[in-house]
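Open the model in your viewer and keep the selection panel at hand. The tour below goes from one selection to the next.

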Amino acid sequence: MANKEKIDYLLLDLKELETLIAGMRDAEVYPVSFFSQTFNLTHKVLNDLHSLETAQIEVLRKQMEAHQALIQSLPNPVAAPMPVPEVAEIQEEPVKGMIVEQPEVIIKEKEIVQPEKIVEPEKIVEPEKPVEATRKPVTAEKQGVFLNDLLEKKNLSDFRKAFSLNDRFRFRRELFGGDEERMYKAVTDLNDIHSYEESIAYLNNELKWNVEDEAVADFIKLLEKRFL
């Protein structure tokens with residue numbers, strides 16, 4: 001059977017399957033025969049497609065075999081070597097009556113270059129700087145350190161002035177929940193206490209802080225410096 005006839009039978013089966021399914025479009029209950037007929041038609045369509053595929057593969061196989069046999073039957077051409085043309089040597093002969101000028105060779109005498117005298121730059125001796133001028137007076141340094149200690153102790157004696165600007169923002173945010181009045185009251189109360197033990201008791205009883213907290217530890221360090 002030719003491929004054209006197989007395609008025609010396949011189209012008829014598909015048309016019949018379409019008509020059968022379209023007839024059940026508005027039905028609420030499908031009869032048992034509907035399923036058996038559709039299964040049979042579907043199986044038949046699959047068989048027809050498989051038959052077409054098998055026939056097509058066989059045709060392609062035969063074409064490949066014929067093409068391979070044709071290639072093997074062709075003679076294998078041998079490439080002939082290309083002839084190399086002979087190049088005749090051409091010798092130029094001087095023409096009679098022509099004057100051939102020889103290149104003039106000029107030999108110059110070697111110039112004797114005398115070495116130039118190397119003049120060494122004069123060394124500039126800088127005057128030594130007096131050692132005493134670079135030294136700072138020892139008494140001034142000691143006085144500066146002593147003055148810084150006095151200022152720091154003065155600031156820590158008034159606990160309200162012991163905090164930097166960053167300390168104030170940090171402690172107010174982390175220890176007092178952002179409440180400025182609460183922080184001011186606690187610092188004022190601690191400033192009125194004159195012993196380290198009473199200050200720690202105030203922190204435990206009034207503020208109830210966790211001593212292991214990093215911000216609390218930094219706050220206590222400033223409090224310790226006040227009583228050193």
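Which residues form one aromatic cluster? Select Phe159, Phe163, Phe171, Phe176, Trp209 and Phe219, which together make up that cluster. Two rings count as a pair if their centres lie within 6.5 Å, using rings of Phe, Tyr and Trp (its six-membered ring); planes under 30 degrees apart are stacked, over 60 edge-to-face, and the rest tilted.

Before going further, note that this is a predicted model, in which local features need pLDDT of at least 70 and side-chain atom pairs count only at pLDDT 80 or more, while totals for chains, interfaces and linings use all residues. Residues are numbered from 1 along each chain as its sequence is written, and side-chain values use heavy atoms, with hydrogens and water left out.

**The aromatic pairs**

The structure holds 11 aromatic pairs. One of them is Phe34 with Phe35, edge-to-face at 5.3 Å centre to centre and 70 degrees between the planes. Next, select Phe176 and Trp209: their ring centres are 5.4 Å apart and their planes at 70 degrees, so this pair is edge-to-face. The pair links distant parts of the chain, 33 residues apart. Phe176 lies in the loop between α5 (165-174) and α6 (180-192), and Trp209 in the loop between α7 (196-207) and α8 (214-226). Helices here are DSSP runs (H or I, at least four residues), numbered from the N terminus.

Colour by accessibility now. Buried means under 20% relative accessible area, exposed over 50%, and partly exposed in between (1.4 Å probe, protein chains only). Phe176 counts as buried because its relative accessibility is 2%; Trp209, at 14%, is buried too.

**Helix α6**

Move on to α6, which has 13 residues. How far does α6 reach from its first C-alpha to its last? The span is 19 Å, close to the 18 Å expected at 1.5 Å a residue, where the expected value is 1.5 Å times one less than the number of residues. Its buried residues include Met183, Ala186, Val187 and Leu190. At the start of α6, a side-chain oxygen of Asp179 comes to within 3.2 Å of the backbone nitrogen of Glu181.

**Back to Phe34**

Finally, select Phe34 in helix α2 (residues 32-73). Is Phe34 buried or exposed? Phe34 counts as buried, at 10% relative accessibility, whereas Phe35, at 37%, is partly exposed. Show contacts (heavy atoms within 4.5 Å): not counting residues up to four places away in sequence, Phe34 touches Leu20, Ile21 and Met24.

Notes: Helix = DSSP H or I, 4+ residues; strand = E, 2+ residues; numbered from the N terminus. Polar contact = N/O pair within 3.5 Å; in protein donor to acceptor, adjacent residues only side chain to side chain.
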